[in-house]
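I opened this notebook to record what I looked up in the structure shown below.

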Amino acid sequence: MRFLLFTGAGGAGTTTAAAATAALAGRSAKVLLVTEPPAGAFEARFGGLLPAAELPLPPGIAELLTLLAARDEAVTGDWDAVVVDCPPPALLLSVLGLSDTVERLWPVHDRVVRRTAFLDAVSGLQESLTDL
């Protein structure tokens, strides 16, 4: 399976390029196009933990959900290629670096000793980020 990541500054045409590439490749292969998910994706993944209707969503969450959706779909589907419309490079790198940040803020030994539903979710998120 091939992963094609399209990233660039807003307005540079990365979404158009990702969609066009997926459409072209889809003529002869089974291709998945992953773009920014709707706001309901946060509730679906982290529902009950931080209700999106009551709190503003954390910065970068849409980008994080895009990458997690790409990973989830790639693992569960039978795709020849996965085309991902990624955020700008600086934001992409900071989202991918969240795993190390989480470990520094809440080391795994603290999360095990002081288990809560929130810290269990943080641990699950860190494992997902590491898989990315």
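Entry 1, pocket lining. I found that α3 contributes the most to the lining of the second largest pocket, with three residues. I noted that β1, α3 (61–76) and α4 (89–96) each supply at least two lining residues. Helices (H or I, at least four residues) and strands (E, at least two) are DSSP runs numbered from the N terminus. The model is predicted: local features need pLDDT of at least 70 and side-chain atom pairs pLDDT 80 or more, while totals for chains, interfaces and linings use all residues. Residues are numbered from 1 along each chain as its sequence is written, and side-chain values use heavy atoms, without hydrogens or water.

Entry 2, pocket composition. I listed the lining residues, among them Phe 3, Leu 5, Arg 71, Val 84 and Asp 131. A pocket here is an open set of points on a 1 Å grid over the protein atoms alone, where a 1.4 Å probe fits, with protein on both sides within 12 Å along at least five of seven lines; lining residues have an atom within 4 Å of a point. The lining divides into eight nonpolar, no polar and two charged residues; Ala, Val, Leu, Ile, Met, Phe, Trp, Tyr, Cys and Pro count as nonpolar, Asp, Glu, Lys and Arg as charged, and the others, Gly among them, as polar.

Entry 3, sheet. I recorded an open sheet of three strands, ordered β1-β3-β2 with parallel pairing; strands pair if DSSP finds at least two bridges between them. The edge strands are β1 (2–6) and β2 (31–34). Four bridges join β2 to β3 (residues 81–85), and Val 34 has Val 84 as its bridge partner in β3.
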